[in-house]
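This report describes the fold, selected helices, aromatic contacts and backbone features of one protein model. The sequence and structure are shown first, and the description follows.

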Amino acid sequence: AFPVFLIFLLIKLNLKPTLIQEVLPERRTLKLWGLLMVIQFILFGWHALQYGDSSQTYGLIHGWITFVQLVFVIWFAYVLQKVFIRDADSIFKFLASLIISLVVYLVVIIVPQLAVSFRLPFTEWTNFFASIFERHWDSRSWYDAGSYVATQHRINGFEPEAPFLVMLLGLVFGPILVSIVQEPMKKYRNGRRLQKLVWVLIFVLSVVFMMARSTSGYLMVSLLGMFTVVFAPRSTRKCLFIAGIVSVIVLITVYSFVPAVHAVFDKWLFAKQGTDNRLGGAIGLLQTFIHHPFFGVGFGNEGNFIEQFLPEWSKHNSEYINFYSKTAYPVLNDFLGWLARFGAVVVISAIWLLSGLVIRAVNVYRRLLQLNNPEQIEYRIVIRAFFVMVPLTLMVAMITQVNAFSWPMLLMYFFYWRVIHLAEASLEK
């Protein structure tokens with residue numbers, strides 16, 4: 001993705017050189033980056049002296065360079081959105097590209113994968129795209145039949161496993177879809193048609209989350225359903241709540257009387273096996289943070305500490321014995337991972353900055369409620385989606401992985417940030 005983004009950015013900056021001054025980091029930003037990099041280098045050096053080379057960590061030089069790359073990627077995502085999101089028209093184009101991308105992705109990739117998950121003859125199609133785009137975990141047998149879906153019969157898009165697809169679709173697209181269906185569209189051109197399409201997409205995504213056959217999928221359906229009801233206008237909230245209750249009753253009935261559905265829910269939710277690693281890893285991360293509360297242990301250094309604090313009862317399973325004990329123990333709970341890696345100083349600072357943005361968004365949103373032209377409707381939709389994404393991301397991150405530093409997530413974060421700034425500016429004119 002980076003080379004493509006870089007090409008478009010260079011073309012844009014070549015056409016409008018004045019934008020370069022807008023995206024160059026300020027002196028205080030550079031000082032902050034320098035401080036973070038020095039702290040991380042000290043942590044990496046201390047860890048290298050204490051533990052030496054280890055398969056559980058990135059290593060001194062590699063780990064520090066990886067952290068520097070992370071800082072650069074975050075800044076680059078900020079630059080992209082600041083350069084390309086300039087006004088209401090660019091916001092509309094970005095939203096339209098999101099919807100079109102989702103439709104194409106569902107039709108070309110996800111629907112054929114759904115067919116393969118039911119053992120219908122689309123394996124060659126899915127394996128072809130998987131051979132080009134699918135990410136794989138090393139030393140796993142999940143892809144032996146040519147792709148994850150052909151081997152596991154669980155949909156995953158291009159992600160290394162099913163839960164990552166759930167996070168991508170749920171956190172990147174879910175908030176925008178939920179926000180669109182909550183917005184009165186009488187004065188918006190083709191607004192009703194858009195909402196009908198979005199309801200269809202929400203239904204399809206719900207099916208995808210269920211067919212991912214993962215706890216993450218069931219969790220995402222529940223949370224997005226809850227936010228759909230909570231953020232609904234009063235006139236439709238009661239109807240949506242009743243529809244949700246009816247859906248739960250139907251689901252319970254199907255679970256009780258359809259053996260295949262009963263077996264799927266038991267396997268992936270009620271009687272799921274292999275939770276020892278997730279719970280044990282969370283305990284290891286929490287203990288790591290407790291022992292190193294201020295600055296953490298460094299980005300990528302957490303593996304040794306998870307292993308050190310891992311409960312003995314969580315080590316007696318095949319995944320730990322065959323994989324986690326031999327390689328770096330993965331961060332399976334992102335919020336605890338942030339605390340263990342960066343410490344309370346960085347995490348609390350980030351939450352403070354996010355809280356400030358939320359307060360600004362609330363103030364802007366209240367003023368936008370009084371306006372009904374198309375530009376203000378776009379601002380309302382995006383800011384309402386921001387109100388969904390923030391708690392949704394934090395809630396999920398406290399349970400599992402959210403891939404917060406992936407390109408789609410970073411671009412959405414800075415898209416919301418940019419729209420809040422533009423909305424403030426438009427109201428002040």
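Arg119 is exposed, at a relative accessible area of 60%; here buried means under 20% relative accessible area, exposed over 50%, and partly exposed in between, computed with a 1.4 Å probe and protein chains only. The model is predicted, so local features need pLDDT of at least 70 and side-chain atom pairs count only at pLDDT 80 or more, while totals for chains, interfaces and linings use all residues. Residues are numbered from 1 along each chain as its sequence is written, and side-chain values use heavy atoms, with hydrogens and water left out.

Arg119 lies in the loop between H5 and helix H6 (123-133). Helices (H or I, at least four residues) and strands (E, at least two) are DSSP runs, numbered from the N terminus. The phi angle of Arg119 is near 65°, a positive value in a residue other than glycine. Arg213 also has a positive phi, near 55°, and is likewise a residue other than glycine. Arg213 is placed in the loop between H9 and H10, just after H9. With a relative accessible area of 17%, Arg213 is buried.

## Overall architecture

The secondary structure comprises 18 helices and zero strands. The radius of gyration of the protein is 23 Å, close to the 22 Å that the globule rule gives for 429 residues, so the protein is as compact as a globular protein of that length. That radius is taken over C-alpha atoms, and the globule rule is 2.2 Å times the number of residues to the power 0.38. Along the principal axes, the C-alpha atoms fill a box of roughly 65 × 65 × 40 Å.

Of the 429 residues, 47% count as buried. Among contacts with a separation of 6 or more, 72% come from residues 24 or more positions apart; contact means heavy atoms within 4.5 Å. The protein exposes about 22,200 Å², of which carbon and sulfur atoms supply 68%. Accessible areas come from the Shrake-Rupley method with a 1.4 Å probe; for residues, only the protein chains shown count as cover.

Helix H3 (residues 27-51) has 25 residues and reaches 36 Å from its first C-alpha to its last, close to the 36 Å expected at 1.5 Å a residue. The expected span is 1.5 Å times one less than the number of residues in the helix. Met37, Gln40, Leu43, Phe44 and His47 are buried in H3. An α-helix has 3.6 residues a turn, so residues three or four places apart point the same way. The cover over the buried residues of H3 includes helix H4 (60-84), helix H14 (302-309) and helix H16 (334-368).

Helix H9 (residues 191-211) has 21 residues, which should span 30 Å at 1.5 Å a residue; its end C-alpha atoms are 30 Å apart, in agreement. The buried residues of H9 are Gly191, Gln195, Val198, Leu201, Ile202, Leu205, Val208, Phe209 and Met211. They pack against H5, H8 and helix H10 (215-230).

## Aromatic pairs and a charge over a ring

Rings of Phe, Tyr and Trp (its six-membered ring) pair if their centres lie within 6.5 Å; planes under 30 degrees apart count as stacked, over 60 as edge-to-face and the rest as tilted. By this rule the count comes to 33 aromatic pairs. Tyr105 and Phe158 form an edge-to-face pair, 5.8 Å centre to centre with 65° between the planes. Tyr105 lies in helix H5 (residues 88-117) and Phe158 in the loop between helix H7 (148-152) and helix H8 (162-182), so the pair ties together parts that are 53 residues apart in sequence. Tyr105 counts as buried at 15% relative accessibility, and Phe158 is buried at 18%. Phe128 and Phe129 have ring centres 5.3 Å apart and planes at 75°, so this pair is edge-to-face. Phe129 is buried, with a relative accessible area of 18%.

One aromatic cluster is formed by Phe2, Phe5, Trp33, Phe72, Trp75, Phe76 and Trp407. The charged end of Arg140 sits over the ring of Phe323, 3.9 Å from its centre; this requires NZ of Lys or CZ of Arg within 6 Å of the ring centre and within 35 degrees of the ring normal.

## Surroundings of Val358

Val358 is found in helix H16 and is partly exposed, with a relative accessible area of 24%. Leaving aside neighbours within four places in sequence, Val358 is in contact with Phe386, Phe387 and Val390. The C-alpha atoms of Val358 and Ile383, 25 residues apart along the chain, are separated by 9.4 Å.
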